[in-house]
Amino acid sequence: QASQEELKAAYRRLCMLYHPDKHRDPELKTQAERLFNLVHQAYEVLSDPQTRAIYDIYGRRGLEMEGWEVVERKRTAAEIREEFERLQREREERRLQQRTNPKGTISVGIDATDLFDRYDEEYEDVPGSNFPQIEINKMHISQSIEAPLTSTDTAILSGNLSTQNGNGGGSINLALRRVTSAKGWGELEFGAGDLHGPLFGLKIFRNLTPRCFITTNCALQFSSRGVRPGLTTVLARNLDKNTMGSLQWRWGIQSAMNTSIVRDTKTSHFTVAMQLGIPHSFMMVSYQHKFQDEDQTRVKGSLKAGFFGTIVEYGAERKISRHSVLGATVSVGVPQGVSLKIKLNRASQTYFFPVHLTDQLLPSAVFYATVGPLVIYFAMHRLVIKPYLRAQKERELEKQRESTASDILQKKQEAEAAVRLMQESVRRIIEAEEARMGLIVVNAWYGKFVNDNSRKNEKVKVIDVTVPLQCLVKDSKLILTEASKAGLPGFYDPCVGEEKSLKVLYQFRGVLHQVMSADNEALRIPKQSHRIDADG
């Protein structure tokens with residue numbers, strides 16, 4: 001975003017610094033010639049609007065293109081950017097057509113009631129009766145894939161298998177979706193299974209206004225008992241930026257009317273819903289708090305009451321890796337009893353493990369369902385997950401270091417050469433600043449600092465940038481923009497892929513100041529807030 005005036009000023013300053021005629025030492029003269037040529041090449045590219053636009057979009061490769069690509073350089077910057085965006089859209093469409101977007105769910109129901117509801121007197125003589133009997137009583141597996149046919153048409157193939165207490169079945173469905181306009185789409189669905197027979201459905205989505213939409217789903221289910229029609233309609237409206245209200249009407253096998261209000265913000269998610277229907281009518285309130293931490297921790301609770309009884313649920317979920325989220329929920333209800341539900345989301349796959357603990361409201365079951373997962377999680381996180389993620393990060397950093405080793409070595413050599421060439425200019429700058437009691441950089445370091453006791457085993461990786469930073473001082477001021485400081489003259493990246501900071505100890509008006517700045521953070525000195533308290 002630099003203006004032409006800013007580019008010219010920076011170019012003149014670097015030319016004066018690196019001009020070969022200013023250095024008599026043969027080695028310094030050779031290094032100055034190399035850096036001077038690099039500065040001149042950069043200015044030639046950035047001073048021309050067309051080549052600058054090509055470089056901003058395509059990088060160095062764009063400047064080296066030959067043949068018909070050269071014709072593209074004659075376009076204006078706006079035309080080049082438009083062409084690039086068109087190519088990006090085409091690549092995105094090809095990538096979309098190659099993507100299947102698989103989604104899957106595996107649910108394993110576990111009956112652990114024998115842990116709390118034991119019949120010791122009846123089974124005391126049965127071999128092995130001293131050990132609780134925990135068994136899997138139900139399973140469900142579902143999978144779906146999407147196959148984009150054109151930019152507006154998509155085929156969706158899905159299937160599922162379920163079993164409970166030795167009985168089970170499955171079904172397979174094919175849906176064809178077409179985006180008719182920016183306001184809506186339609187979908188045809190065909191399905192068949194060994195329990196319900198053939199299924200034909202039609203689903204339509206339509207935006208009525210920018211803040212309101214409607215969805216209608218019609219279905220015909222064929223079975224040995226005849227044809228069962230079904231109709232579901234949902235009308236939803238954005239009440240404000242974070243709140244949505246909806247009305248749902250369902251007619252068919254389980255007819256019902258449902259209304260809900262959902263408010264979703266950066267820190268919370270609140271839902272209130274009410275349903276009148278056959279066989280279930282209920283009211284439900286739920287709240288989820290989102291912590292703004294690195295692990296995206298969330299805690300939630302809900303209350304649901306209706307003809308089937310009352311259920312209270314509470315739980316939490318947390319990100320355990322880049323693509324995985326682990327959650328646990330305790331469900332306490334009458335007459336449902338106590339259950340523990342564990343869920344793991346891994347990319348687009350969901351693994352769900354509902355564990356039924358007891359049919360009664362036993363305080364011991366509630367206690368162990370609450371405390372047990374917490375103890376296991378923190379033990380696993382400390383002993384397994386954290387060491388694994390640390391080792392994985394180290395492997396990724398090592399690969400990154402290996403792939404950039406030659407480039408970093410070249411940058412280091414250029415930075416060291418630049419520092420040697422700056423010595424004379426820095427000496428003059430310091431003399432001028434001392435004469436006016438201005439800004440003098442006493443010490444400056446750039447790289448990875450370790451201040452946290454929990455990271456005391458990590459190695460500090462910093463370089464001395466006192467000279468290049470003093471060289472940037474002009475009129476007793478130092479201004480750094482929002483960009484990585486590794487690109488500044490005399491700087492290089494001492495720890496690729498790791499967080500870096502700039503620590504500066506400077507003197508202004510004869511008083512010591514100190515500041516620590518993040519790598520991409522803008523910095524302006526001197527400042528009164530940087531002053532070191534003499535009494536401290």
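1. Rings of Phe, Tyr and Trp (its six-membered ring) make a pair if their centres lie within 6.5 Å; planes under 30 degrees apart are called stacked, over 60 edge-to-face, and the rest tilted. With that in hand, look at Phe 116, Phe 367 and Tyr 368, which form one aromatic cluster.

2. A word on the source: this is a predicted model, where local features need pLDDT of at least 70 and side-chain atom pairs count only at pLDDT 80 or more, while totals for chains, interfaces and linings use all residues. Residues are numbered from 1 along each chain as its sequence is written, and side-chain values use heavy atoms, leaving out hydrogens and water.

3. How many aromatic pairs does the structure hold? There are 10. One of them is Trp 185 with Phe 205, stacked at 5.7 Å centre to centre with 15° between the planes. Trp 185 belongs to strand 5 (residues 184-193) and Phe 205 to strand 6 (residues 199-209), so this pair ties together parts that are 20 residues apart in sequence.

4. Phe 205 is buried (under 20% relative accessible area, with a 1.4 Å probe and protein chains only), because its value is 19%. Its ring also pairs with that of Phe 213: the centres are 5.3 Å apart and the planes at 40°, so this pair is tilted.

5. Check the charges over rings too (NZ of Lys or CZ of Arg within 6 Å of the ring centre and within 35 degrees of the ring normal). Arg 177 has its charged end over the ring of Trp 185, 4.6 Å from the centre. Lys 304 does likewise over the face of Phe 282, at 4.4 Å from the ring centre.

How values were computed: Helix = DSSP H or I, 4+ residues; strand = E, 2+ residues; numbered from the N terminus. Buried < 20%, exposed > 50% of the residue type's maximum accessible area, 1.4 Å probe, protein only.
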